[in-house]
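This report covers a sheet with its packed helices, a loop residue, a surface patch and the salt bridges. Please keep the sequence and the structure in view while reading.

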Amino acid sequence: DDQIERERASQHLPGGCCALAAVYLMGKFYVANAGDSRAIIIRNGEIIPMSREFTPETERQRLQFLALLRPELLGKEFTHLEFPRRIQPKELGKKILYRDQNMNGWAYKKIEEDDLKFPLIFGEGKKARMMATIGVTRGLGDHDLKVFSSNIHIKPFLSCFPEVRVYDLTQYEHCPDDVLVLGTDGLWDVTNDKEVAGVVMEVLTSYEPNDPCRYTMVAQELVVRSRGVLKERGWRLANDKLGSGDDISVFVIPLGGPGNYT
């Protein structure tokens with residue numbers, strides 16, 4: 001993240017990205033994630049999550065706590081409190097549900113003038129946005145990103161620090177059908193864990209266990225199915241829902257070799 005900031009100044013290169021990395025070291029996989037890419041391990045048909053998405057919803061309490069500690073980052077335009085919907089001026093003095101950085105559930109409060117500001121986090125699911133700007137809360141770069149038509153920087157809330165999960169390969173016997181799948185959000189936006197595992201098993205069983213191209217073919221199939229087929233109404237999946245409109249990158253990494261096959 002520091003390197004990107006230096007290049008921004010010296011080479012005039014703005015922008016940023018999410019990052020997902022898997023490092024194999026001394027019998028263990030270390031999976032580090034900063035953003036909305038994800039990784040899962042499929043072992044003997046079981047799905048083991050190796051990351052989670054970092055969105056305004058999943059990181060609500062961290063974001064609200066930072067805003068509470070440093071209210072100047074909100075630029076007098078936002079409130080760190082969350083409400084089920086936008087508050088209208090006519091509702092001043094009335095009671096409405098809210099939650100802050102310490103709360104998992106909701107409580108009631110009397111609406112004050114500050115509550116009329118735009119919420120730090122607004123929307124649900126894929127439509128949730130932080131400061132009405134960005135839908136991911138960890139990533140690299142984007143030091144110049146600001147709220148539209150303002151001088152409010154997003155970066156203090158956009159953390160570059162990844163979450164790291166560890167998987168010990170020495171604790172299990174792995175066969176050639178056990179894999180680690182790494183995918184960008186273009187895959188996970190339209191394909192859930194169970195569907196990914198289904199494609200993995202479907203493709204792998206059509207190849208011999210010692211055929212090295214079988215893993216490449218799984219990755220290719222996951223990309224193709226998530227993109228869909230171009231029809232009159234755009235790219236469509238097999239169920240006729242819209243295909244992924246985002247970039248789709250997939251790695252499929254075997255956890256066991258032919259010698260481990262049982």
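Contact here means heavy atoms within 4.5 Å. Leaving aside neighbours within four places in sequence, Asn104 is in contact with Arg60, Gln61 and Arg99. The model is predicted: local features need pLDDT of at least 70, side-chain atom pairs count only at pLDDT 80 or more, and totals for chains, interfaces and linings use all residues. Residues are numbered from 1 along each chain as its sequence is written, and side-chain values use heavy atoms, with hydrogens and water left out.

Asn104 sits in the loop between strand S7 (95–98) and strand S8 (107–110); helices (H or I, at least four residues) and strands (E, at least two) are DSSP runs numbered from the N terminus. Asn104 counts as exposed because its relative accessibility is 61%, where buried means under 20% relative accessible area, exposed over 50% and partly exposed in between (1.4 Å probe, protein chains only).

**The sheet.** Four strands form an open sheet in the order S5-S4-S14-S17, with antiparallel pairing; two strands pair if DSSP finds at least two bridges between them. Strand S5 (46–49) and strand S17 (250–254) each have a single partner strand, so one side of each is left without a neighbour in the sheet. Strand S4 (residues 38–43) and strand S14 (residues 179–183) are joined by five bridges, and Ile40 stands opposite Val181 in S14. Helix H4 (residues 193–204) packs on the sheet, touching S4, S5 and S14, and its direction makes about 50 degrees with that of S4. Helix H5 (residues 213–227) also packs there, touching S14 and S17, at about 150 degrees to the direction of S17. Axes are lines fitted to C-alpha atoms, for helices over the stretch in contact, and angles run from 0 to 180 degrees between N-to-C directions.

**Salt bridges.** A salt bridge is a side-chain nitrogen of Lys or Arg within 4 Å of a carboxyl oxygen of Asp or Glu. By this rule the count comes to 18, including these pairs:

| Pair | N to O distance |
|---|---|
| Lys117 and Asp114 | 3.6 Å |
| Asp177 and Arg214 | 2.8 Å |
| Glu202 and Arg225 | 2.7 Å |

Both Asp177 and Arg214 are buried. Glu202 in helix H4 and Arg225 in helix H5 are 23 residues apart. Glu202 is partly exposed, with a relative accessible area of 44%, and Arg225 counts as partly exposed at 36%. Glu5, Arg8 and Asp144 are linked in a network of salt bridges.
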